[in-house]
Amino acid sequence: MTANTRNLLLEIGTEEIPARFCQPALDQLKANAEKFLSDARLDFVEARVYGTPRRLVLYVKDLSLMQRDREVIMKGPSRKVAFAADGSPTVAARKFAESQGVAVEDLEIRQDARGGEYVYARRLEKGQPAVQVLSELLPRLVLSIEWPKSMRWADRSIRYARPIRWILALLGDQPVPFDVDGIPAGNTTRGHRSLGPDGPIPVPDADAYFEVMEHNYVVVDPEVRKNQIWQQVTEEASRCGGYVRRDEDLLEEVTWLVEYPTAFTGTFNPEYLDVPPLVLVTTMQANQRFFPVYRDARCEELLPYFVAIANNGSEHLDLVRAGNEKVLAARLADARFFWDEDRKQTLEQHNEKLKQVVFQERLGTQWDRVQRLVSLTERIAAALNLPWAERQQAVAAARLCKADLTTRMVFEFPEVQGYMGQQYLLREGGDPAVARAIYEHYLPRGAGDELPRTGPGIAVALADKLDTLAGYFSIGLVPTGSQDPFALRRAALGVLQIVVENRLNVDVAALLSDALSQYKLDAQEARRVHGELMEFLKVRLKVLLEGRGLRPDVIDAVLAAGMRRPYDAVRRAEALSAVVGEESFAAVAATFKRISNLAGKANEAGIEPGEIDPMRFTEPAERDLYGVYVELRPTLKQALEAGQYEEFFRTAARLKEPVDTFLDTVLVNAEDRAIRANRYSLLVALGNLLSAPADLTRLSG
């Protein structure tokens, strides 16, 4: 910090903001602050953001105390209007000069973009003190945050996620005066709601803020708070001989629920451990924001403990623990009741109830859907070449995969659908492979989730997602913009992840045709919907390839050559990416573009390329090129069929020299029509062969 800079501190104090709103709000606060300050010509080193459920904090390091001066050039009337024929200024020129604060003699004549001559005024606008600028800028910054949901309160006209209770704004030790809808900014903050003192707390300057917060039981840095929570949680779990798995979503949420974290361990009745573990985990995490305690890192077995985070220090912790244990006991009792009641009927009996459950008004009941899944699963299992036993298991799983939707447990805890079907079937003594496939068919549920790995599970998972896509697209319910109420993007990405990560060289386009065939579409409509679906999958595959760090032009080149088999497309993209930077291949790509450009002119020339006739060659260069083509074609086709794409691209490099010689010495558009057609046929054959794995014309450079 210099004599001409100070650190800026802005704190927006509120009622508790919902946890999921907080980090996005801070991201906006930072981005908007950087833009607003830059636009206002206030230089600074960096902007940082901090926060808790009760406060959003902006800290700007080394903010200039003065705006930068700027030169302003204003356009005035045309030269003809501003000056008379004798060159004397008119009234229009004088008034314009006066409005800009310059002498009429200082007006300049320039041509505008269209060539017209106009007068311009050039003036220096002196920068204003930062405090004065901030007094106008900070209110806009406070209100610039866009919330998923907002509210009004009292007699305020503004809307915010939660009511604003105070605003702290300091430039160094100088308060920045402004108000937001009658809420004045000042030099005071508030401490922790229960551990801190009542009333406002003075903050002497921007840098003292963090120490003031620490003394008043507020950990204002969310990263520090998160680390404290995780350290305390793991220590608590170790004390009771257990292990806590790091769940980033839960840890993030808890971080935004407290200002001063204190971990404690609670217990529950061990008899509830008879309930499937995921139900207990879901109850603890989703409903109570507790951390379940496992026996060790390698198993799913739970211990009758949980770790929770209090927001009021260690005082009265026994009362807090007892209250949390009581609430959890009630929820676990409900889960145990659902578990016992559901098992009074078989999964097959639950399955029958699907006839009364609507899947989608125009797509029938869940029972109708299951019939489609059974049929589609049979086809997919065959396409995957699964052993006969696994095909039977896949079909059995497809028939029961939605049965748990009618159970009390899934009605209460939708997150455990699929998992409960697995558990109920296992308790009945059903086939473990079928039970596993029932669980896996929902996978992946989102980014970073596990994938189905068993043959039956993969078959049913693909059937479930492909039927969903085919069904909704067939009735025109296609995602638009950011709206995707039926999670069709997730379904499409799931199909691609399953196929790619399991290295399945399956024809997804054919599977989509199978899925669509179960809907009553005429041939033309079926083709249209199939095309839309393939384009939809293509966009998702592009995202997947971008996630692997591949060049955009490489991705475009590969997708232009087709993506019926997504895993094959990924392999082609990775192979092309491996060779595209090699000097020899770059030369081949340039040569291929020349071939492609000429071959594309066949139609323009009225030529219908056909079989190549070696007897029509008249030039040594075309004979040589044809000879190399005939020699390399079997090797190239063999590499294509074997999926050896790097080998294909490197072998293709041997065509460069004879192709260049041909293009440099042979006139393709010969006067003789037959010779001309034969030369075009050779170019088209070369182009078709070389573009099989990727359209090299799409490569940049």
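The second largest pocket holds about 620 Å³ of space. The structure is a predicted model. Its largest pocket has a volume of about 930 Å³.

**Second largest pocket**

- The lining of the second largest pocket is made up of 21 residues.
- Nearest the centre of the second largest pocket lie Arg369, Lys402, Tyr442, Asp464 and Arg490.
- Three helices are listed as each supplying at least two residues of this lining: H11 (366–383), H16 (455–474) and H17 (488–501).
- H16 gives the most to the lining of the second largest pocket, with 4 residues.
- By residue class, the lining of the second largest pocket has 10 nonpolar, 4 polar and 7 charged residues.

**Largest pocket**

- The largest pocket has 25 lining residues.
- Asp247, Leu278, Thr282, Gln285 and Arg445 are the lining residues nearest the centre of the largest pocket.
- At least two residues of the lining of the largest pocket come from each of helix H7 (248–255), helix H8 (277–288), helix H14 (419–427) and helix H15 (432–440).
- With 6 residues, H8 gives the most to the lining of the largest pocket.
- The lining of the largest pocket divides into 10 nonpolar, 5 polar and 10 charged residues.

Definitions and conventions:
Residues are numbered from 1 along each chain as its sequence is written. This is a predicted model: local features need pLDDT of at least 70, side-chain atom pairs count only at pLDDT 80 or more; totals for chains, interfaces and linings use all residues. Side-chain values use heavy atoms; hydrogens and water are left out. On a 1 Å grid over the protein atoms alone, a cavity is a set of points where a 1.4 Å probe fits but cannot get out, and a pocket is an open set with protein on both sides within 12 Å along at least five of seven lines; lining residues have an atom within 4 Å of a point. Grid points are joined across faces, edges and corners, and a volume is the space filled by probe spheres set on the points. Ala, Val, Leu, Ile, Met, Phe, Trp, Tyr, Cys and Pro count as nonpolar, Asp, Glu, Lys and Arg as charged, and the others, Gly among them, as polar.
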